[in-house]
Amino acid sequence: MKQAKIILLRHGQCEGGSILRGKTDVSLSDLGFCNMHQSAAKLGLLGYLPFLNIYSSPLIRCRVFADELSQQLNQVDCSLTLKPKLMSELQEIDFGLWDGKGFDELYQHHAAELDAYWDNPWDNALPEAELMADFERRVASAFELITEQLYDATELDDLSELGEQGEQSNQPCAALVVTHGGVMRHIISLVLGVTRCKALYAQFNLDYAATVSIDVFWSETDDKHNKPVYRLNWSS
């Protein structure tokens, strides 16, 4: 059985205060950078080298950290040329005309519309916002592509040169995905096989710099076009 791992890392605290932060491109705060480095340090990423790929949302609250982490890992192993793969599909949902506006202002003028959205974002779209169904489709496409590329990486690992003692490399393949809370929630729903799950968005707390790991399995007779098996591991 082939096996790999996908690790999701949410961005840290951002500049800009308490706003509806979707496509709005704001930087991490100093605390946000610190929290992400602390979370990454617990992941044991060195153990996945050289079979580690890093994927990132192109928004700067994800991309800048992914760039910095890649450079640090390259310094540890000078043979590496790690560079984050930026995927627009990993961006946070676009909240339309209200994206980037403060919550106090929004609740002062649009409390009923916001409450309806939080209660059922699938049927109560915000003005000129990305539809929830469209958001979930693009996130699912990114997750599928990352899984397929992991399968390809396991194939390359299997074909790698034998070690000094004539044994095949057992180094695991892994993908680190630096992204957003909404994206992580939908990937979790995909792994759990649930749809339109309000609780994952409204009642499920996902802190800044939170991590979630997912084991991926393929039987030896499968290929990347067959459905893999996922197992969700909540971080301890």
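Two cavities of 30 Å³ or more lie in this structure. This is a predicted model: local features need pLDDT of at least 70, side-chain atom pairs count only at pLDDT 80 or more, and totals for chains, interfaces and linings use all residues. Residues are numbered from 1 along each chain as its sequence is written, and side-chain values use heavy atoms, without hydrogens and water. A cavity is a set of points on a 1 Å grid over the protein atoms alone where a 1.4 Å probe fits but cannot get out; lining residues have an atom within 4 Å of a point. Volume is the space filled by probe spheres set on the points, which are joined across faces, edges and corners.

The largest cavity has a volume of about 40 Å³. Its lining includes Trp122, Glu136, His186, Arg196 and Tyr201. Helix H5 (181–192) and helix H6 (198–202) each give two or more residues to that lining; helices are DSSP runs of H or I, at least four residues, and strands are runs of E, at least two, numbered from the N terminus.

The second largest cavity holds about 30 Å³. Among the residues lining it are Ile93, Tyr117, Trp122 and Met132.

Now the packing. The largest nonpolar core has 40 residues, and Ile6, Leu8 and Leu126 have the most contacts inside it. Such a core joins buried Ala, Val, Leu, Ile, Met, Phe, Trp, Tyr and Cys residues through side-chain atoms within 4.5 Å; buried means under 20% relative accessible area (1.4 Å probe, protein chains only). Helix H4 (132–158) is one of the contributing elements, and H4 gives the most, nine residues.

Definitions and conventions
On a 1 Å grid over the protein atoms alone, a cavity is a set of points where a 1.4 Å probe fits but cannot get out, and a pocket is an open set with protein on both sides within 12 Å along at least five of seven lines; lining residues have an atom within 4 Å of a point. Buried means under 20% relative accessible area, exposed over 50%, partly exposed in between (1.4 Å probe, protein chains only).
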